[in-house]
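Subject: Structure handover

Hi,

Here is the structure I promised to pass on. My notes follow below it.

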Protein chains: 2
Amino acid sequence: MPARGDFKVKRSSSSPVDVAVIGAGAIGLSIAWRAASRGLRVLVLERDHPGAGTSYHAAGMLAPVAEVTPGEDALLSLGLRSAELFAPFVSELQRASEMRVGYTRCGTLLVARDTDEASALERELALRQRLGLEVQRLRASAARRLEPGLAPSLRLALDVPGDHAVDPRTLVAALAAATLRGGGELRTGTAVASLDVAGDSVRGVVLGDGSHVAARQVVVAAGVWSGSLGGLPAERLVPLRPVKGQILRLHDPAGPGLLTRVIRMGPGGSSYITPRGDGRYVIGATSEERGFDTSVTAGAAFELLREASELVPGVSELVLDELTAGLRPATPDNLPVIGRAPRVDGLWWAVGHRRGGILLSPVTAELIVAGLVAADAGDGRHHDDAAGLDGDLARAFDPARFAGRVTIGTAA
Amino acid sequence: MPARGDFKVKRSSSSPVDVAVIGAGAIGLSIAWRAASRGLRVLVLERDHPGAGTSYHAAGMLAPVAEVTPGEDALLSLGLRSAELFAPFVSELQRASEMRVGYTRCGTLLVARDTDEASALERELALRQRLGLEVQRLRASAARRLEPGLAPSLRLALDVPGDHAVDPRTLVAALAAATLRGGGELRTGTAVASLDVAGDSVRGVVLGDGSHVAARQVVVAAGVWSGSLGGLPAERLVPLRPVKGQILRLHDPAGPGLLTRVIRMGPGGSSYITPRGDGRYVIGATSEERGFDTSVTAGAAFELLREASELVPGVSELVLDELTAGLRPATPDNLPVIGRAPRVDGLWWAVGHRRGGILLSPVTAELIVAGLVAADAGDGRHHDDAAGLDGDLARAFDPARFAGRVTIGTAA
């Protein structure tokens, strides 16, 4: 990295981009595409290839209702808003990319296999009814009429017709294409070593090879890997930890038909079978706090297959195509961080989406791009209502909540 | 393929090799190495790369005692003889190849998890005692002292100290190296389309690209793919069917120590965990009659993991490295075919070893190479006693037993 003096000389000779986005996952590319289509000059920097990180492993469930957690009202509102945005987002993306995005308006069933699970499911129903969400209680027989692949041992089900799914890999491919067609630039194989911050402003980023990219604004969307960027004191970075998810991909040699809806079971619907609509299925997922370990273990594969085949016996006949593990980016309060970095003009965070990164891509892009556009136009005000969110709601995801935090477990 | 007339002209201008071996698996390469070391000019023809077929998937258990089947006395004798040959075979191979062969004199435990399995295991013990085989009954507590990784739910075990294991992939690599160092030639990526048989003699083979390889003798060792060779009427080929085996490879991130012996359970020890001695394990295997299908299914992976982790709970912590499926080559009587083809001088079969191909490689090589050497020297007599087998025993594996068979299930 050159000394600051050299560096200023270099900057003056190269024209900075309007926005540099760090990370070409679903979040980063959604922001890049929308920013480019608003007329900003966008450069995406990706250390690997588009969607090679957590997006590669994600199942792609768009499930704000199935995943409701008591006390996370702000996240529910954000998820519902993004789920609402999804259909027009995909329509426009398919036009812009001339690619098909595997978006399936399939609906979701939450299911219980025994009396304990049925009691838990009744409580889940009550919670969703209190929140005014669209959900219907189904007897086992009615659920099996909808999904004959379900095991006879089924006890109870909740129909969540508004929770759908998308294939994150085709989504990312379309986003990359749309970004490029919209005039954005995408540099793959390009690791970012650090943010370049001078005083209270960002000036760009420094790459792994020491070279500098000048940018008027910088968006950090590198998921769980965003926590190790240089250029800011550690306590001013968003604290992120990886939550490992092991996941299986399978296909039915007999073609589609085993399932048409997403089937979810267990606490919060944490175990699931997601049909792609073409005979392919995704079975997931573990939640493990094991650092950056991405190994696939015998025990996890066994448990995932056990739950899925108990619930849908036909799963046994599926062909196993992939066993992988991804890393969900989680913050200390398990909520995403979406917005302007405190005390650094031009720096934006779009990280920490944990298990909701695919669902939250459209709303995250709306929020961030509204801010980028306003800042580019010299309008310093916050634009929290960009995605139809009121200020309180947007503030729930404000990066400022981690500003000046004390890092637990270190002497400092 | 050229007309016969052209072809004779071509032959006269090129010097035939002494022996062409079709197939570079454990069987074909064992024959090639031993034949080359006896001074024969050997050419191995392999459509893929060495060991890419069934050898790639095999667990490598050397287990004639664990796998005893009532009524298969000849196979037991052959297996015991080959197990006896294994240690000197490996010693010589390691010298010849200057490579390490992963041969582990680990011993084997056959185990029972409940009273039904324990009764079955008592019968297995009685059978082996009648046959005078080395096997010892162990209480569960004694077995768990030997292998503390076994589950407390264990009921009974049999100790089979003479059944060992080898890593088929390192075995094949060493065999290929020894063959080349011994003066043999190995052509990979070279598919054989048909045998070239004129009258009652073999003259070589015709390759997939139509070219001809002249050979005085030809050994067919292409496993289950040997059944589709051209050049002989179908009823004079050895009838072979694939028996699919799904198998898992894992490793322990904590290093070796979970198990030191092969653990086998179920009928005939069909389910097993094989330790490689370095923290790697192989868990197998299904036996499925599904043609040439080699897909890995959810049901098989689940069952293999279920059995293994019930028996050795620590299996849950292992990292899954590979899930694959191989095709065991089986004949109508499930016995191998080792010897001279009836009514075709110079043609030899070394196929149909089903689950015993790795174990039986040394004895198959001894039998075939003794015949090749004698025929090369113009000595027409059979040399059934080559590997210390009497004539009756060798005849149990004689290709002639399938000569003139009627193919079941076709109008012809």
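A definition to start: a residue is buried under 20% relative accessible area, exposed over 50%, and partly exposed in between, with a 1.4 Å probe and protein chains only. Keep in mind that this is a predicted model: local features need pLDDT of at least 70, side-chain atom pairs count only at pLDDT 80 or more, and totals for chains, interfaces and linings use all residues. Residues are numbered from 1 along each chain as its sequence is written, chains are lettered from A and ligands numbered from 1 in the order in which they are written, and side-chain values use heavy atoms, with hydrogens and water left out.

Salt bridges

The rule here is a side-chain nitrogen of Lys or Arg within 4 Å of a carboxyl oxygen of Asp or Glu. Over all chains, the structure holds 48 salt bridges. Helices (H or I, at least four residues) and strands (E, at least two) are DSSP runs, numbered from the N terminus.

Take Arg128(A). At 0% relative accessibility, it counts as buried. Its salt-bridge partner is Glu124(A), with the closest N and O atoms 2.7 Å apart. Glu124(A) counts as partly exposed, at 21% relative accessibility. Both residues lie in helix H5 (residues 115–130) of chain A. They are 4 residues apart, about one turn of the helix.

Arg264(A) and Glu67(A) also meet in a salt bridge, at 2.9 Å, N to O. This pair links distant parts of the chain, 197 residues apart. Arg264(A) is in strand S14 (residues 262–265) of chain A. Glu67(A) is in the loop between S3 and helix H4 (73–97) of chain A. Arg264(A) is buried, at 0% relative accessibility.

In chain B, Arg261(B) forms a salt bridge with Glu147(B), and the closest N and O atoms are 2.9 Å apart. Arg261(B) lies in the loop between strand S13 (241–251) and strand S14 (262–265) of chain B, and Glu147(B) in the loop between helix H6 (140–146) and strand S7 (156–160), so the pair ties together parts that are 114 residues apart in sequence. Both residues are buried.

There is also a network of salt bridges that links Arg113(A), Glu117(A), Glu303(A), Arg306(A), Glu307(A) and Glu310(A).

The interface

Chain B and chain A each put 17 residues into the contact, meaning heavy atoms within 4.5 Å. Between them they bury about 1,300 Å², 73% of it on carbon and sulfur atoms. Buried area is the accessible area (1.4 Å probe) that two parts lose on being put together, summed over both. Ala298(B), Phe302(B) and Leu320(B) supply 37% of the area that chain B buries against chain A, more than any other three residues. Across this interface the rule finds 0 salt bridges.

On the side of chain B that touches chain A, helix H8 (298–311) and strand S17 (319–330) each supply at least two residues. H8(B) gives the most, with 7 residues.

Chain A has an open sheet of 3 strands in the order S3-S8-S4, with antiparallel pairing. Strands S3 (61–62) and S4 (103–104) stand at the edges, each with a single partner strand, so one side of each is left without a neighbour in the sheet. Strands pair if DSSP finds at least two bridges between them. S3(A) and strand S8 (residues 164–166) of chain A are joined by 2 bridges. Met61(A) stands opposite Ala165(A) in S8(A).

Best wishes
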